[in-house]
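Me: Please take a close look at one strand of this model, and then go on from there to its strand pairing, helix packing and backbone. I'd like one connected account, with the cut-offs spelled out as you go.

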Amino acid sequence: MNFRTIFAGLVLTSAISAPVHAQQAQPATPPPGSPAATITIPGDQLPPPPQKFGGKIERDAKDSKPYWPARVVPPKGAPNVLLIITDDAGYGVPSTFGGVIPTPALDRIAQNGLRYTNFHSTALCSPTRAALITGRNHHSVGYGVVAEQATGYPGYDSIIPKDKATIGRILTDNGYRTAWFGKNHNTPEYQSSQAGPFDQWPTGMGFEYFYGFMGGDTNQWQPGNLVRNTTPIYPFQGKSDWNLVTAMADEAIDYVNRMNALSPDTPFFVKFAPGATHAPHHPTPEWVKKISDMHLFDQGWNKLRDTIFENQKRLGVIPQNAKLTPWPKDLIKEWDQLSADEKKLFIRQAEVFAAFAAYADNEIGRVIQSIQDMGKLDNTLIIYIEGDNGTSAEGQPNGTPNEVAMFNQINPSVEDQLKYFYDVWGTDRTYGHMSIGWAWAFDTPFSWTKQIVSHFGGTRQGMAISWPEVIKDKGGIRPQFHHVIDVVPTILEAARIKQPDFVDGIKQSPIEGVSMMYTFDQKSANAPSTHTTQYFEMFADRAIYNDGWIASTKVLRPPWVTIAKLPGPQDYSWELYDLRNDWTQAEDVAAKYPDKLKELQALFLKEAEKYQVLPLDSSVATRLITPRPSLSAGRTSFSWTRPMTGTPNGDAPSLLNSSYTFKADVDIPQGGAEGVLVTQGGRFAGYGLYVLKNKPVFTWNLVDLKRVRWEGPELTPGKHVIEFDFKYDGLGAATMLFGNYSGIGQGGTGTLKVDGNVVATEKMEHTLPLILQWDEAFDIGSDTGTSVDDNDYQTPFAFTGTINRVTLDIDRPKLSPEDVKRLQDAARAAGDGPSAEDAKTASAEPQVGTVGLSLVDKIQLRIDKREGCRKQAEAQGLGMVDRIKFVQQCVQR
């Protein structure tokens with residue numbers, strides 16, 4: 001009997017028996033071992049142990065009984081979960097909490113659920129997000145600061161330990177489908193390349209699908225750090241109107257619809273985290289027009305603050321007896337003190353910020369509507385947190401058209417911003433941020449902003465939760481004190497899933513937050529909070545909350561001061577607030593209750609020791625360049641023999657404050673060639689060695705304010721070695737150990753050579769001191785993201801010749817014994833001398849935690865000096881670039 005005969009017989013038998021099977025009643029619950037069988041696991045061990053085979057195995061299959069392992073599913077009725085967190089938005093931003101910016105999606109969640117008026121973040125991006133996905137305090141999971149400032153201590157190394165599994169991992173192993181869209185600021189900067197490891201990426205932390213950007217922020221028009229799962233992607237290329245906020249909403253909508261079509265009975269968990277409203281502020285032109293036409297900010301930030309405060313009382317999101325904290329007249333000008341030019345520029349900045357917030361909320365609304373359109377909104381738990389910290393004041397007093405410039409302490413004047421950037425503010429030609437006055441106003445009714453944990457302007461977030469099947473007190477307000485670490489236990493209780501005891505065989509540490517589900521019941525609307533104690537710490541600014549009291553350190557470093565000498569942790573004095581009668585921290589009662597203050601100070605130290613907060617460290621900018629593990633750590637020589645793109649900032653070799661030499665061994669074809677040989681950064685800061693119209697070019701882009709360019713003659717066909725050599729004039733980053741910034745950002749001389757012959761020499765008066773454009777990559781053979789000079793080329797600009805080898809050699813400066821002694825003497829004279837032990841390491845790169853001042857006034861002196869230098873430059877009538885150079889030199893005198 002041949003195969004065709006056997007197959008025909010099987011088909012005939014199947015056809016005859018099929019009607020009999022069709023007439024049999026199907027069980028409501030598939031029996032164990034059947035292909036459709038499901039199981040809900042206890043959840044104490046993840047992944048669950050292998051299921052026992054329940055069938056029968058004999059020698060012959062016809063005498064045996066198959067038995068399929070059951071598919072793991074969550075407990076019956078477990079809700080879908082949509083967890084939304086926006087970026088850099090304080091309590092007074094959304095209309096839901098009294099703001100003037102329309103946020104109808106957040107309004108919708110609040111009206112269909114509950115508004116939480118006493119919910120807190122950590123005051124900074126990475127830390128809040130690490131706490132959000134783990135249910136533990138940010139130091140407990142290695143995020144005492146943002147990933148880019150990680151240091152070698154357990155509370156600060158940016159590594160989420162394996163004994164603290166994320167909500168994504170827990171829900172996935174319990175049968176949820178899980179995805180993460182948008183910002184990922186929780187992968188160590190030095191593990192973000194294609195070399196991995198990937199266990200600290202979203203997909204490695206338990207989320208089945210990831211579409212978003214790696215790092216603190218990104219260009220929303222051309223995100224150079226966008227990935228799908230673990231693969232870099234560039235969907236914006238060739239699409240001038242593409243924007244990431246809409247793209248990620250489209251991706252999320254597609255995902256939930258795909259899951260619903262494939263497995264409608266399986267609940268999903270989606271984390272949706274747009275980059276809005278972190279800088280750069282990149283809304284679409286349509287949204288800028290909508291907001292501009294509303295004229296929300298024409299009367300300035302003081303009037304805005306009054307309006308928000310009145311709205312908040314009307315809405316009941318602050319108590320009727322709440323006090324508006326005073327305007328910081330010693331730090332920020334009142335609106336009436338501004339010039340007409342300042343007002344014009346600052347209004348534009350606020351309108352673009354507001355358009356970004358409204359635009360993001362609109363796209364969030366589309367995601368929510370898609371869930372309703374599927375008929376799944378009733379059993380979807382939506383947690384919408386407006387901001388991962390207070391509104392950012394990192395834009396400096398004048399705002400900035402380029403956030404990368406700000407982090408390098410380069411701040412264009414109002415006049416220059418109006419002249420060169422006003423008309424393109426918010427487009428892909430800016431990487432913009434707004435003036436600090438708006439940040440303070442958008443944190444109404446509190447004082448301070450992002451980065452500051454001691455005062456609620458940095459930590460109080462508006463949050464709304466809806467779950468129509470469960471929450472019946474629609475539009476209710478909940479005043480209980482809660483913290484971002486409370487989100488994970490809330491989700492687990494809602495899904496009736498326990499925290500696992502073991503994950504991958506590793507004993508899990510307890511979740512440190514508490515569930516907020518007790519507040520869902522209308523009877524518990526005013527129940528006492530179950531979260532009674534919470535510490536706060538960031539850059540040595542700190543606070544401790546306990547049962548209606550908060551002890552807070554006095555703010556000694558404004559958030560917009562990053563590179564000046566900073567106060568040491570021991571220099572902070574403490575304040576005390578009775579939040580039961582003073583909701584906004586308006587009245588310091590430390591002198592009235594000294595014993596209470598001492599009690600809380602002792603409690604802070606206890607909590608700090610418990611949650612890995614120590615050692616305290618007040619440094620900021622120095623942490624950006626502190627030595628960290630990376631693919632380039634400890635290396636001074638590099639070689640590439642083929643094109644390679646996408647190496648992120650944290651793993652790329654750093655040329656800053658050093659001498660270096662690039663050599664590119666290439667073949668030029670007949671007819672010439674062009675394209676990128678090596679580049680790092682992009683439109684807003686970076687460098688590139690490339691061939692343009694068959695001529696070798698090296699360009700340094702100094703934060704889009706100036707470009708220094710070297711260009712050689714046309715190349716003949718055949719093999720060539722194109723070389724760029726730069727000799728740095730400064731002492732290097734090690735001077736920062738002594739609180740001295742003169743070693744960084746200094747100038748040098750660049751020489752372009754072809755086959756050993758000098759073809760161009762150019763002196764750079766200044767270099768970038770601290771950082772390149774962080775959302776762009778180090779690329780060989782073509783350029784991702786944006787170009788270092790749009791007038792020369794557009795990405796990807798792949799090299800049309802042949803790259804045989806590209807090499808890089810870096811020569812970092814080392815301090816001589818004489819340098820060390822001079823810097824040490826100067827530091828001691830300033831009252832900030834390093835110890836003898838510090839001096840031993842001065843020839844190495846600077847370590848963290850050694851820069852500090854006992855005299856806080858020196859911060860203000862530096863601010864005053866910079867302002868005085870700026871005025872001198874303006875008085876001389878210097879142009880924009882010359883003014884910036886003059887101010888930099890003047891401050892160092």
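Reply: Buried here means under 20% relative accessible area, exposed means over 50%, and partly exposed lies in between (1.4 Å probe, protein chains only). The strand itself is a DSSP run of E, at least two residues long, while helices are runs of H or I of at least four, all numbered from the N terminus. The model is a predicted one, in which local features need pLDDT of at least 70 and side-chain atom pairs count only at pLDDT 80 or more, while totals for chains, interfaces and linings use all residues. Residues are numbered from 1 along each chain as its sequence is written, and side-chain values use heavy atoms, with hydrogens and water left out.

The partner of β21 is strand β32 (residues 802-811): four bridges join them, and they run antiparallel. Two strands pair if DSSP finds at least two bridges between them.

Pairing takes other forms elsewhere. Strand β6 (residues 177-184) pairs with β7 in the parallel sense over six bridges, with Phe181 opposite Tyr211 in β7. Strand β7 is also joined by three bridges to β8 (residues 226-228), this time antiparallel, and Phe213 has Leu226 of β8 as its bridge partner. Six of the six residues of β7 (residues 209-214) are buried, so the strand is largely enclosed by the rest of the structure. An open sheet of three strands, with mixed pairing, has the order β2-β15-β16. Its edge strands, β2 (45-46) and β16 (506-507), each pair on one side only. Here β15 (residues 502-503) and β16 run antiparallel, joined by two bridges, and Val503 is partnered by Ile506.

Now for the helices. Two packed helices are described by the angle between their axes and the distance between the axes. Those axes are lines fitted to C-alpha atoms, for helices over the stretch in contact, and angles run from 0 to 180 degrees between N-to-C directions. Helix α5 (residues 244-262) and helix α8 (residues 340-373) have axes that come within 9 Å and cross at roughly 10°. That angle makes α5 roughly parallel to α8; under 35 degrees counts as roughly parallel, over 145 as roughly antiparallel, 65 to 115 as roughly perpendicular and the rest as oblique. The contact (heavy atoms within 4.5 Å) includes Val245, Ala249 and Ile253 of α5 and Phe356, Tyr359 and Arg366 of α8. By class, the residues of this contact divide into nine nonpolar, three polar and three charged. Ala, Val, Leu, Ile, Met, Phe, Trp, Tyr, Cys and Pro count as nonpolar, Asp, Glu, Lys and Arg as charged, and the others, Gly among them, as polar.

Helix α8 also packs with α2, at an angle of about 45° and with the axes 7 Å apart; the two are therefore oblique to each other. Pro104, Ala105, Leu106, Arg108 and Ile109 in α2 meet Asp361, Ile364, Gly365, Ile368, Gln369 and Gln372 in α8. That contact has six nonpolar, three polar and two charged residues. In α2, Ala105, Leu106, Asp107, Ile109 and Ala110 are buried, and the buried residues pack against β5 (114-120), α8, β11 (380-386) and β12 (460-466).

The loop between β4 (80-85) and α2 (104-111) holds Gly98, which is buried at a relative accessible area of 0%. Leaving aside neighbours within four places in sequence, Gly98 is in contact with Ile308, Asn311, Gln312 and Leu315.

Finally, the backbone. Most residues other than glycine have a negative phi, and most peptide bonds are trans. Asp88, in the loop between β4 and α2, has a positive phi of about 50° although it is not a glycine, and at 1% relative accessibility Asp88 counts as buried. Asp755, in the loop between β29 (748-754) and β30 (757-764), has a positive phi near 55°, but at 41% relative accessibility Asp755 is partly exposed. A cis peptide bond joins Ala276 and Thr277, with omega about 5°, and another cis bond joins Ala279 and Pro280, with omega about 0°.
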